Amino acid sequence: PLSPSSRFNRKVTCEDIDKASKGCVPENTSRSTGWALRTFQAWARQRNERSGDLCPVDLFDKSYAPDVMCNCLQRFVLEARREDGTRYPPKTIYSILCGLLRHSRLVQDDPPNFLDRKDVRFKKLHGTCDVAFREL
């Protein structure tokens with residue numbers, strides 16, 4: 001048994017607390033989140049080059065108004081394509097959206113949950129997903 005003086009002897013640093021607060025993210029989840037972010041950013045860059053209606057490439061790194069997020073995500077859902085030009089299946093689009101939400105939760109303090117159907121600020125996004133997923 002440990003003596004009472006050595007039992008609670010270890011001092012935890014702020015770095016230890018910060019690392020522990022992030023939790024344990026499985027490697028596949030981390031990889032999926034990165035792929036979702038890269039896919040969105042590639043789409044946004046290409047779209048911004050050819051269109052006057054810009055979508056911020058850093059949409060999930062900074063705090064943007066919900067209407068800006070909703071508008072960009074609606075366009076992404078309808079415009080995103082695989083590298084061969086075919087449309088992503090609905091499960092893949094939803095997986096990308098989940099990855100983008102995970103990323104925003106990692107880098108922002110309190111990002112809006114754009115996948116929450118109870119959040120009326122994203123009602124148009126949900127309607128767009130419903131239509132796009134039925135078409136696919």
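Predicted model: local features only at pLDDT ≥ 70, side-chain atom pairs only at ≥ 80, totals over all residues.
Local features are given where pLDDT is at least 70, side-chain atom pairs count only at pLDDT 80 or more, and totals for chains, interfaces and linings use all residues. Residues are numbered from 1 along each chain as its sequence is written, and side-chain values use heavy atoms, with hydrogens and water left out.

**Salt bridges**

A salt bridge is taken as a side-chain nitrogen of Lys or Arg within 4 Å of a carboxyl oxygen of Asp or Glu. By this rule the model has 8 salt bridges.

| Pair | Closest N and O atoms |
|---|---|
| Arg31 and Glu27 | 3.1 Å |
| Glu79 and Arg47 | 2.9 Å |
| Arg117 and Asp130 | 2.7 Å |

Helices (H or I, at least four residues) and strands (E, at least two) are DSSP runs, numbered from the N terminus. Accessibility is stated as relative accessible area: buried is under 20%, exposed is over 50%, and partly exposed is in between (1.4 Å probe, protein chains only).

Arg31 and Glu27 both belong to helix H3 (residues 27-50), where a spacing of 4 residues separates them by about one helical turn. Arg31 is partly exposed, at 48% relative accessible area, while Glu27 is exposed, at 58%.

Glu79 forms a salt bridge with Arg47. Glu79 lies in helix H4 (residues 66-79) and Arg47 in helix H3, so this pair ties together parts that are 32 residues apart in sequence. Glu79 is partly exposed, with a relative accessibility of 26%, whereas Arg47 is buried, at 6%. Both residues also belong to a network of salt bridges that links Arg47, Arg50 and Glu79.

Arg117 pairs with Asp130 in a further salt bridge. Arg117 is in the loop between helix H5 (90-107) and helix H6 (123-135), and Asp130 is in helix H6, so the pair ties together parts that are 13 residues apart in sequence. Of these two residues, Arg117 is exposed, with a relative accessible area of 53%, and Asp130 is partly exposed, with 30%.

**Ser104**

Ser104 is a residue of helix H5. The serine is buried, its relative accessible area being 1%. When residues up to four places away in sequence are not counted, Ser104 touches Phe60 and Pro111; contact here means heavy atoms within 4.5 Å.
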